[in-house]
Structures are given as structure tokens and as C-alpha cells.
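Please open the structure in your viewer and keep the selection panel at hand. The tour below goes from one selection to the next and says what is to be found at each.

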Amino acid sequence: MPLASGLRGARVLVTAASQGIGYGAAQAFLGEGARVVVNSSNADRLTAAVRRLERLGEVHGVVADLTRPDELDRLLPETLDHLGGLDTLAYVTGSPHPGVFMEQGYEDWARAASLLVVSPSYLARKAAEAMLSGGSAGRMVFLASFAIREPIPNLATSNVCRIAIAGLVRTLARELGPRGIRVNGILPGYIRTARIDEVVRDAARRQGTSPEEILRGIEREIPLGRIGTPEELGRAVVFLGSDLSSYVSGALLPVDGGILRSVG
Ligand SMILES: NC(=O)c1ccc[n+]([C@@H]2O[C@H](COP(=O)([O-])OP(=O)(O)OC[C@H]3O[C@@H](n4cnc5c(N)ncnc54)[C@H](OP(=O)(O)O)[C@@H]3O)[C@@H](O)[C@H]2O)c1
């Protein structure tokens, strides 16, 4: 018997979803019959994404910059206007600029903290309020990075700030579990998106080599021998964002082709 996600008709918000990992997650939820709101900060890119996703099911776009409190305040009410409630939050966000620690100034830290610490924490509370007022069980999935376990060279602000997601997931899992909300995180490895192109180009410039050579070096480090796809990550988001993971909460799941070496 095939495993049932139970997502048919489920109400799902995926943030930062006009492309890349968020878009892949939205595709996966729509494939399971969920009703989906996708968000991003750029109206043109989001409209184009919604047009492509509409072929798969019911989807709406809500433009909001995840680094702006007034826009975060708007995101949940507008989502609820479309969906009438919230069953799953899949939180993805934008990327801080690549760079080593000694290049970072106050504004770089402030932007990274806003994007990677304040925004998911603040939105999580709004989402929990929406789930609790709906009276049914909910799920939250926070997309972070394998940098939480092993810092990645040249991504200093990300290495420092992403760790907040581990604290957020564990804190919420304990606080909200008794109230019927499960909270988990995903630690993507290298996934084929525009972000990876940016990281690879930056590394190539610094090392005086080609992006292709950098990419081959990364692939040699991955036991499965290749970069992952947003579709492969989307399946893990559906797992944690649905009844398929009904006894999982507070977990941080690497989806990384085996690149993590640490045991803990
Ligand atoms: N790709 C990887 O290998 C990898 C690995 C680990 C972690 N990550 C992290 O996963 C996240 C998604 O990465 P990705 O690879 O999917 O990147 P991507 O292809 O560059 O997509 C980023 C998405 O974030 C949206 N976005 C950016 N800033 C935003 C903001 N302030 N408010 C709302 N939406 C915003 C963008 O849409 P608009 O431009 O339309 O706003 C876009 O849809 C990032 O935090 C990235 O650092 C990626």
C-alpha cells in the first residue's frame, strides 16, 4: 500500500518560493493535492512562479519581504484570506552574501540576523497563532543548511546565524508539541539553484579557478557524487510537513547526499 501524506486539501504556506528550494517545496506540496500559498519579495518573479505552479493545483502568491516586520505582519493574514487556515508552514528564506568572517561589517550581521534569526522566529509565532486558533494540529518545517553542523568556508554570516534554526526548532517542538504542533528542520547540502551558482562563482573568483572546477571539487566531497535537486529536497519537506512524519518532532534532517561527516 502506498504511504499516504494526508495532504489532499491541506493548507500550506511556503515562504521564499519564487524559485529554488522554496519553489521545489511548493511543487511537492501541490503534487500531494495541498492548497498552497507561495511567498517571495519580488512581485514579478512571484507572479511568474505562480503561473507555472498553477498547472499543478490551487496556488496563490503573497508578496512580502521576510526582513521587514510590517510585511511579515501582513503575510499571515493574507495567507489565511486565501486558505482559511494553516496546516503546514514550510519556511525558506533568502541568502546572506558569501564572504569570510573578516570581511563582515555591522550591516552584514544585521541583515543576516534579520533574514536567518528574526524572520523565522517572528513568523513562527504568527503561524502558531493561526494554527492554534484553527484548533487542529499543525506542522512547521524550517529549511536551514548543513552549515549548522559543519561551517562552510566563505559563508561566515550563514555559519553563525543559521544555528538559530536549531534552537528555534527544539524550543518550538517542546513548547508547541503538547498543543498539537510538530516542528522540524531540514539541513540541505548542495542543491542545484541560483544560490549555488552564486556561491560557486564567488569561490572561483577567490581561488582564481573556474566555476566548473569548484563544482567538481564539491561533487568529489559528496558521497553520492552529485549536487541534489530542489525536487529531491521537496520530498523531504513533504515528509516533515505531513502525517508521514507523525511521530517526528524537534528533528534536524540532513538532505545532503551524505556530505556531513560529524556523528553528533
Ligand atoms: N541551494 C543550496 O545548496 C542551499 C543549501 C543550504 C541552504 N540554502 C539556503 O536555502 C535558502 C533558499 O536557497 P535557494 O538555493 O533556493 O536560493 P535561490 O534559488 O536564490 O532562491 C531564493 C528565494 O528566496 C526568495 N527571497 C530572497 N530574499 C527574500 C526576502 N527578503 N523575502 C522573501 N523572499 C526572499 C527569492 O525570491 P525573490 O527574489 O522573488 O524575493 C527566491 O525565491 C537560502 O537561505 C539558502 O542560503 C541553500
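Sorted by class, the contact of α3 with α4 has seven nonpolar residues, one polar and one charged. Bear in mind throughout that this is a predicted model.

Now widen the selection to the whole of helix α3, residues 69-83, together with α4, and you will see two helices whose axes come within 10 Å and cross at roughly 30°. Where α3 passes α4, the crossing is right-handed.

Keep helix α4, residues 106-134, and select helix α6, residues 163-176, as its next partner; the axes of α4 and α6 come within 10 Å and cross at roughly 20°. Angles under 35 degrees count as roughly parallel, and α4 is therefore roughly parallel to α6. The crossing in which α4 passes α6 is right-handed. To show the contact itself, pick L116, V117, P120, S121, A124 and A128 on α4, and A164, I165, L168, L172 and L176 on α6. The residues of this contact of α4 with α6 comprise 10 nonpolar and one polar, with no charged residue.

Next, step back and colour the chain by its domain assignment, which gives domain 1 as 11-190 + 231-254 and domain 2 as 193-227. The centres of domain 1 and domain 2, taken over C-alpha atoms, are separated by 25 Å. Where the domains touch, eight residues of domain 1 are in contact with 12 residues of domain 2. On the side of domain 1 that touches domain 2 there are three nonpolar and five polar residues, and no charged ones.

What surrounds the ligand? Select the ligand and its shell, and you will find 28 residues around it, the closest being G20, N42, G94, T193 and R195. Among the elements to highlight here are α1 (20-31), α2 (43-53) and α7 (194-207), each of which supplies at least two residues of the shell around the ligand. By class, this shell has 12 nonpolar, 13 polar and three charged residues.

Definitions and conventions
Residues numbered from 1 in each chain as written. Predicted model: local features only at pLDDT ≥ 70, side-chain atom pairs only at ≥ 80, totals over all residues. Axes fitted to C-alpha atoms, helices over the stretch in contact; angles between N-to-C directions. Helix = DSSP H or I, 4+ residues; strand = E, 2+ residues; numbered from the N terminus. Parallel < 35°, antiparallel > 145°, perpendicular 65-115°, else oblique. Left-handed = near helix turned anticlockwise from the far one by under 90°. Contact = placed C-beta atoms within 7 Å. Nonpolar A, V, L, I, M, F, W, Y, C, P; charged D, E, K, R; others polar. Near = placed C-beta within 6 Å. Domains from an automatic or database assignment.
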